[in-house]
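Thanks for making time this morning.

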Protein chains: 2
Amino acid sequence: MVRQPALHDRIAAGILDAAAAVLAERGDSASMAEIAEAAGVARATLYRYFPSRDALIQGLTRAAFDEVCARIADAGIDDVPVREGLARLVRGFVTAGGKYAALTEIDKSRMEDVEELDRRLTEPVRELLRRGVADGTLRDDLPVDVLLGLLTGLLRNVLHMVAGQRLGVEQGSAAVITVFLEGARRP
Amino acid sequence: MVRQPALHDRIAAGILDAAAAVLAERGDSASMAEIAEAAGVARATLYRYFPSRDALIQGLTRAAFDEVCARIADAGIDDVPVREGLARLVRGFVTAGGKYAALTEIDKSRMEDVEELDRRLTEPVRELLRRGVADGTLRDDLPVDVLLGLLTGLLRNVLHMVAGQRLGVEQGSAAVITVFLEGARRP
DNA sequence: CACTTCTGAGACACTGATGTCTCATCACGA
DNA sequence: TCGTGATGAGACATCAGTGTCTCAGAAGTG
């Protein structure tokens with residue numbers, strides 16, 4: 001009796017969801033025991049699916065980035081005016097960024113490939129911001145990195161409010177979109 | 001030969017500064033050994049000043065909140081129009097929030113008194129935001145908690161950029177002030 | 001239903017970090 | 001300068017968390 005891939009994958013996905021929730025709350029203090037409990041599996045089972053803590057974090061990282069990057073790629077942010085592109089980006093991020101919220105709470109300085117993943121996520125955003133500065137949509141007195149920092153600061157907090165069910169996805173998206181677009185608009 | 005309080009306090013303060021820097025970078029993964037090294041003292045010395053990790057985090061937390069709260073209290077944010085109040089708040093926070101940046105990177109869910117400290121810090125801010133909503137300065141379509149979340153998201157990222165010397169205090173303050181005031185303005 | 005793999009529970013080993021302590025040397029303060 | 005407490009280095013103890021494994025029972029699959 002080998003588990004059907006569908007069931008095995010569903011359990012693995014459930015573990016990643018639980019890991020995301022616990023790590024979003026406790027960060028690096030979260031133990032594998034706590035994650036297993038949240039996932040509703042035994043600790044030994046958690047290790048059967050993810051043979052080490054690193055493997056679990058790696059799996060979560062990949063899933064988080066894949067989900068967000070796919071959403072952003074699908075949004076076609078380069079095919080529309082900057083304001084619309086930013087709106088789509090934010091909506092995609094808030095909708096698909098649940099696991100990503102967990103990653104903002106853990107120390108990634110010693111993870112492999114994280115720079116590459118981060119670059120893959122932020123490069124389209126940087127490009128969009130550059131486009132906005134160049135075409136006069138966005139203010140040009142702040143470096144693009146700072147604009148990015150402001151946008152990700154808004155997103156991060158909204159992701160956490162959404163993850164904690166203190167804010168809906170739609171309202172959260174709308175809040176970031178309007179605050180950023182108005183706040184970063186070229187005067 | 002008992003150390004003069006001034007020297008003893010200066011060393012303790014240096015330890016807290018170093019702890020803030022290391023924790024801001026590594027969060028809960030930062031070890032006491034790393035913190036001691038960054039502070040330029042032996043690990044045993046670190047323990048002589050702060051008898052446990054919890055004591056160190058507690059000391060850092062108190063210092064961070066004291067610094068920021070004092071700055072905000074001095075700013076007289078209640079005595080001026082909301083826009084000016086927010087500008088003063090942000091300037092105070094970015095100027096005095098270096099240690100606070102470290103606290104955003106650690107798990108505080110099991111710390112004593114953190115709710116009280118957090119309340120002490122955020123209550124004047126909430127009050128100011130409420131005033132802004134009431135007098136028409138700020139949009140009233142978002143709950144004050146969400147406005148606070150957006151503002152703290154901007155502040156958090158700017159604090160980290162300033163702490164990492166990727167952004168100056170003045171420019172960082174100005175960025176948050178303008179983005180938030182414009183973005184959260186009542187249309 | 002039968003069979004086979006999966007799972008939970010719990011025991012065990014290991015380890016890095018925390019915390020403690022000693023002692024020779026350093027450095028502050030009078 | 002001198003005396004005394006502070007310090008660094010290093011050794012040691014403890015422990016929570018990570019990782020590993022066994023076995024009886026559960027559960028998925030055909």
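Predicted model: local features only at pLDDT ≥ 70, side-chain atom pairs only at ≥ 80, totals over all residues.

Reading chain A from the N terminus, the order of its elements is α-α-α-α-α-α-α-α-α, and the secondary structure amounts to nine helices and zero strands, where helices (H or I, at least four residues) and strands (E, at least two) are DSSP runs numbered from the N terminus. As for conventions, residues are numbered from 1 along each chain as its sequence is written, chains are lettered from A and ligands numbered from 1 in the order in which they are written, and side-chain values use heavy atoms, with hydrogens and water left out.

Staying with chain A, its C-alpha atoms fill a box of roughly 60 × 30 × 30 Å along the principal axes. Of its 187 residues, 51% count as buried, and here buried means under 20% relative accessible area, exposed means over 50%, and partly exposed is in between, with a 1.4 Å probe and protein chains only. If we take the contacts (heavy atoms within 4.5 Å) in chain A between residues at least 6 apart in sequence, 69% of them join residues at least 24 apart.

Is A:Ala73 buried or exposed? A:Ala73 counts as exposed, because its relative accessibility is 60%. Between A:Ala73 and A:Gly92 there are 9.3 Å in space, C-alpha to C-alpha, although the two are 19 residues apart in sequence.

Let me turn to how helices pack in chain B. Two packed helices are described by the angle between their axes and the distance between the axes; the axes are lines fitted to C-alpha atoms, for helices over the stretch in contact, and the angles run from 0 to 180 degrees between N-to-C directions. Helix H1 (residues 5-26) and helix H2 (residues 32-39) of chain B have axes that come within 8 Å and cross at roughly 130 degrees. H1(B) is therefore oblique to H2(B), given that angles under 35 degrees count as roughly parallel, over 145 as roughly antiparallel, 65 to 115 as roughly perpendicular and the rest as oblique. On the H1(B) side the residues that meet H2(B) are B:Ile15, B:Ala18, B:Ala19, B:Val22, B:Leu23 and B:Arg26, and on the H2(B) side they are B:Glu34, B:Ile35, B:Ala38 and B:Ala39. By class, this contact has eight nonpolar, no polar and two charged residues, where Ala, Val, Leu, Ile, Met, Phe, Trp, Tyr, Cys and Pro count as nonpolar, Asp, Glu, Lys and Arg as charged, and the others, Gly among them, as polar.

Further along chain B, helix H4 (residues 53-74) and helix H5 (residues 82-96) pack at an angle of about 150 degrees, with their axes 9 Å apart, and so H4(B) is roughly antiparallel to H5(B). The contact involves B:Glu67, B:Val68, B:Arg71 and B:Ile72 of H4(B), together with B:Leu89, B:Arg91, B:Gly92, B:Phe93, B:Thr95 and B:Ala96 of H5(B), and these residues divide into five nonpolar, two polar and three charged.

Now to the two chains together. Here 33 residues of chain B are in contact with 34 residues of chain A, and the chains bury about 2,600 Å² between them, 56% of it on carbon and sulfur atoms; buried area is the accessible area (1.4 Å probe) that two parts lose on being put together, summed over both. Which three residues supply more than any other three of the area that chain B buries against chain A? They are B:Arg26, B:Leu150 and B:Val179, which supply 20% of that area.

The axes of H9(A) and H9(B) come within 7 Å and cross at roughly 120 degrees, so the two helices are oblique to each other.

Lastly, a backbone detail. Most residues other than glycine have a negative phi. Phi of A:Gln165, however, is near 60 degrees, a positive value, and A:Gln165 lies in the loop between helix H8 (144-163) and helix H9 (169-183) of chain A. With a relative accessible area of 73%, A:Gln165 is exposed.
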